[in-house]
Amino acid sequence: KGLLMFVATICEFIGNLFGITMKLNRFNVIVLTMHRWFDIKAAEKDLGFQPIIGFREGWAETIDWFKCNWLPKQPKSRSLFGIASSTQDKIDIQDMSAKKVQ
């Protein structure tokens with residue numbers, strides 16, 4: 001992760017220098033390397049919760065849904081860095097939010 005953060009910092013510097021936002025930045029490194037494991041044991045124990053759909057079946061359905069409903073609607077990128085315009089808009093919003101916090 002340390003090497004990625006170093007490279008991301010360089011990418012941010014280059015991006016700031018040329019007025020562009022690169023895909024590789026510190027925010028994306030943090031988000032993509034954080035562990036996301038969700039445990040439902042407490043809900044099962046305390047509330048008697050039982051999932052209707054198992055993890056593997058639900059994950060397969062989620063992937064199928066994204067392939068059918070989300071991916072076809074993403075506009076093709078004409079950007080030098082291969083970022084779709086809708087993705088770039090989201091990056092810009094996040095970038096503005098981060099600058100307000102600083």
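User: Is Phe66 buried, exposed or partly exposed?

Analyst: This is a predicted model. Relative accessible area sorts residues: buried is under 20%, exposed is over 50%, and partly exposed lies in between. Phe66 has a relative accessible area of 38%, so Phe66 is partly exposed.

User: How many disulfides are there?

Analyst: A disulfide is a covalent bond between the sulfur atoms of two cysteines. To count here, the sulfur atoms must lie within 2.5 Å. The count comes to 0 disulfides.

User: Which class does Cys11 fall in, buried or exposed? And Cys68, buried or exposed?

Analyst: Cys11 is buried, because its relative accessibility is 14%. Cys68 is at 60% relative accessibility, so Cys68 counts as exposed.

User: How many aromatic pairs are there?

Analyst: Ring centres must lie within 6.5 Å to pair. That rule gives 2 aromatic pairs. In one, the ring centres of Phe55 and Trp59 are 6.3 Å apart. Their planes meet at 10°, so this pair is stacked.

User: Where do Phe55 and Trp59 sit in helix H4?

Analyst: Helix H4 covers residues 55–70. Phe55 and Trp59 are 4 residues apart in it, so about one helical turn separates them. Phe55 counts as exposed, at 66% relative accessibility. Trp59 is at 49%, so Trp59 counts as partly exposed.

User: What about Trp65 and Phe66: stacked or edge-to-face?

Analyst: Look at the angle between the planes: under 30 degrees is stacked, over 60 is edge-to-face. The planes of Trp65 and Phe66 are at 85°, so the pair is edge-to-face. Their ring centres are 5.1 Å apart. Trp65 counts as partly exposed, at 46% relative accessibility.

Notes. Residues are numbered from 1 along each chain as its sequence is written. This is a predicted model: local features need pLDDT of at least 70, side-chain atom pairs count only at pLDDT 80 or more; totals for chains, interfaces and linings use all residues. Side-chain values use heavy atoms; hydrogens and water are left out. Buried means under 20% relative accessible area, exposed over 50%, partly exposed in between (1.4 Å probe, protein chains only). Rings of Phe, Tyr and Trp (its six-membered ring) pair if their centres lie within 6.5 Å; planes under 30 degrees apart count as stacked, over 60 as edge-to-face and the rest as tilted. Helices (H or I, at least four residues) and strands (E, at least two) are DSSP runs, numbered from the N terminus.
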